[in-house]
Each structure stands twice: as C-alpha cells, then as structure tokens.
Amino acid sequence: MHFSQKKFNQDGYCVFDLNKNLVLNIKKKILNLISSVISEKYNIKKITEKQIIDLYNLKYKTDIISVFDHVGFFPELYSFANQKQIIEIANKVGLKFPVVGHSSKEGRGKVPFLYSFPNDQKRNFKEHQDIFYLRYSMNAVTLWVPLQNTTKKNGALKVIPKSHKSYEIFNHSSVKSVKKNKLDKYFAESDFKSINVKLGQALIFSSYLVHKSGSNNSNQIRMSFNVRFNDLLNKEYIKRGLSFDKLPDTKIKNL
C-alpha cells in the first residue's frame with residue numbers, strides 16, 4: 001500500500017507499506033531480550049511469546065515491564081526514523097525540517113514503545129490529540145508502527161476521520177495525563193474508526209487527529225512504537241519561539 005497524500009490531507013491519516021524485515025528484526029530483538037533477562041535471573045530456558053504472557057500473569061510481570069521500558073532506547077528505532085522513505089513522507093505531508101520530537105515526560109528521550117497484554121485495560125489510552133500534550137508545530141505528525149498485524153480484536157488504533165481539519169484543539173481537562181482527560185464525554189464510540197495495520201505497514205496521522213487505543217481482547221501481546229516528527233521551520237512554530245510549552249495560537253474548543 002503506497003502512501004496517499006490525498007488520503008492524509010482528507011482524513012488526517014494514511015496507512016502505507018514499509019520495510020517488513022526491519023520491523024520483524026525489532027520484534028525478534030525484544031522477545032530475545034525478554035527471554036535472556038528472565039533466563040539469567042530465574043534460570044528458565046528460552047521462552048516463547050506465548051510463555052511471556054503466562055509469565056507476565058505470574059511473578060515475572062515487573063521483570064518483563066522493565067525490559068519493555070528499555071525498548072525505546074534500541075538503536076534500531078532511531079535508525080528507523082532516519083530511513084529515506086520515512087523522511088520523504090514527512091516532507092510530503094508538509095514538514096520542511098523534520099526532527100524526531102519527544103517530551104521530557106516520556107522519559108530521557110527514548111522512542112515511545114507501547115504494549116498491551118490480553119485484557120489489560122490499564123495500558124489503554126483514552127481519546128486525545130497529540131498536539132495537546134506534545135506542543136510541537138501545527139503540522140507535526142505521529143508515525144505508529146505495529147510489531148504484528150493489528151485488528152479490532154487485538155486493539156487496533158481508533159481514530160475520528162477528519163477531526164484534524166479545523167485545527168481546533170479540544171480542552172482535554174487534564175494536562176498531565178492522557179488517561180485522566182474527559183474527552184470521552186463528548187465523542188460516541190460510533191465516531192471512531194478502527195484502523196487495521198498489518199505487520200510491515202505504518203499509520204501516519206496528524207497531531208490534531210482525535211484517536212485512542214483499542215482494547216486487546218486477543219490472546220497475543222500487542223506491541224508498537226511511535227515516531228513523532230516536529231517541523232523546526234514551520235512559521236507558526238518559529239513565532240511561538242520553538243516552545244515545547246506553548247500551545248499553537250488556535251482556538252481551544254470547550255466541548
């Protein structure tokens with residue numbers, strides 16, 4: 001599936017194909033690291049992905065989370081963001097000087113790595129706009145890359161198509177936590193569209209697009225990483241002083 005600029009402009013998101021082997025190698029490295037850490041600490045032999053779920057539900061949860069907390073520092077995630085294909089797509093959606101954008105709240109500059117175990121609602125993120133929490137340029141985008149096929153059953157990302165169009169920022173009520181904001185009062189579940197993204201594909205979307213996590217009701221771990229691109233030559237962002245703290249000078253919508 002090729003990147004469609006028309007689709008992105010119209011709906012605020014687009015799915016496109018990328019290097020599948022690169023993504024597979026990242027997943028393999030994660031699973032091997034978990035196996036090695038658990039084996040070293042508890043003298044358990046090499047474990048499978050299914051066994052990781054079983055161990056997570058036993059006494060090994062803290063150890064597995066500790067491994068996941070370090071995935072965002074993998075060099076492969078940084079090199080992924082610098083692929084020619086990815087930079088070209090960032091340019092196509094209007095970023096003149098794309099840089100990988102991070103918030104200090106996300107932890108020491110790592111690439112955000114997300115995971116959800118079966119029926120683990122605590123890992124879900126409520127409806128939100130990235131621009132409210134990551135106050136980058138108005139044309140900033142998020143690249144969401146799954147490490148397995150994602151469907152409604154295992155919690156594919158849900159979006160409200162065209163919710164980026166007016167460049168309005170909704171008042172999320174909670175500045176500190178996505179999980180505590182109250183936007184869910186104002187959107188019906190029927191407003192959202194579940195976006196299936198296959199292993200070897202990526203979803204790119206506007207930082208103004210309203211989106212949320214889907215629930216993982218499968219028997220597999222759902223894993224993904226985010227690459228967020230900020231534009232240092234966006235005129236509005238320059239006028240804002242390239243500030244991480246100031247919201248764009250657009251209407252704040254109190255629903």
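Visitor: Which elements of the protein have the lowest and the highest mean pLDDT?

Guide: The model is a predicted one, and pLDDT expresses the predictor's confidence in each residue. Among the elements of the protein, strand β11 (residues 252-253) has the lowest mean pLDDT, 65, and strand β8 (residues 201-206) has the highest, 98. The average for the protein is 89, and 91% of the residues score at least 70.

Visitor: How many residues of strand β10 are buried?

Guide: A residue is called buried when its relative accessible area is under 20%. In strand β10 (residues 222-231), 10 of the 10 residues are buried, so the strand is largely enclosed by the rest of the structure.

Visitor: Which residues lie on each side of β10?

Guide: In a regular strand, side chains alternate between the two faces of the sheet. On one side of β10 are Arg222, Ser224, Asn226, Arg228 and Asn230; on the other are Met223, Phe225, Val227, Phe229 and Asp231. Both faces are covered, and these residues are all buried.

Visitor: In what sense do β4 and β10 pair, and over how many bridges?

Guide: Strand β4 (residues 141-146) pairs with β10 in the antiparallel sense, over six bridges. Within this pairing, Thr142 has Arg228 of β10 as its bridge partner.

Visitor: How many bridges join β3 to β10, and how many link β2 and β10?

Guide: Strand β3 (residues 113-116) is joined to β10 by four bridges, and the two run antiparallel. Tyr115 stands opposite Met223 in β10. Between β2 and β10 there are three bridges, again in the antiparallel sense. Here Pro98 stands opposite Asp231 in β10.

Visitor: Let us turn to the surface. Which residues form a nonpolar patch there?

Guide: The patch consists of Phe97, Leu233, Ile238 and Leu242. Together they have about 350 Å² of accessible area. Phe97 belongs to the loop between α6 (84-92) and β2 (98-100).

Visitor: Why is Phe97 counted as partly exposed?

Guide: Partly exposed residues fall between the buried limit of under 20% and the exposed limit of over 50%. Phe97 is partly exposed because its relative accessible area is 42%.

Visitor: Is Pro75 buried or exposed?

Guide: Pro75, in helix α5 (residues 75-81), counts as exposed because its relative accessibility is 55%.

Visitor: How far apart are Pro75 and Lys110 in sequence and in space?

Guide: Pro75 and Lys110 are separated by 35 residues in sequence, and their C-alpha atoms are 10.0 Å apart in space.

Note on methods:
Residues are numbered from 1 along each chain as its sequence is written. This is a predicted model: local features need pLDDT of at least 70, side-chain atom pairs count only at pLDDT 80 or more; totals for chains, interfaces and linings use all residues. Side-chain values use heavy atoms; hydrogens and water are left out. Patches are made of residues with over 30% relative accessible area and no salt bridge: like charges are joined within 9 Å, nonpolar side chains (Val, Leu, Ile, Met, Phe, Trp, Tyr) within 5 Å. Accessible areas come from the Shrake-Rupley method with a 1.4 Å probe; for residues, only the protein chains shown count as cover. A salt bridge is a side-chain nitrogen of Lys or Arg within 4 Å of a carboxyl oxygen of Asp or Glu. Buried means under 20% relative accessible area, exposed over 50%, partly exposed in between (1.4 Å probe, protein chains only). pLDDT is the predictor's confidence in each residue, from 0 to 100. Two strands pair if DSSP finds at least two bridges between them.
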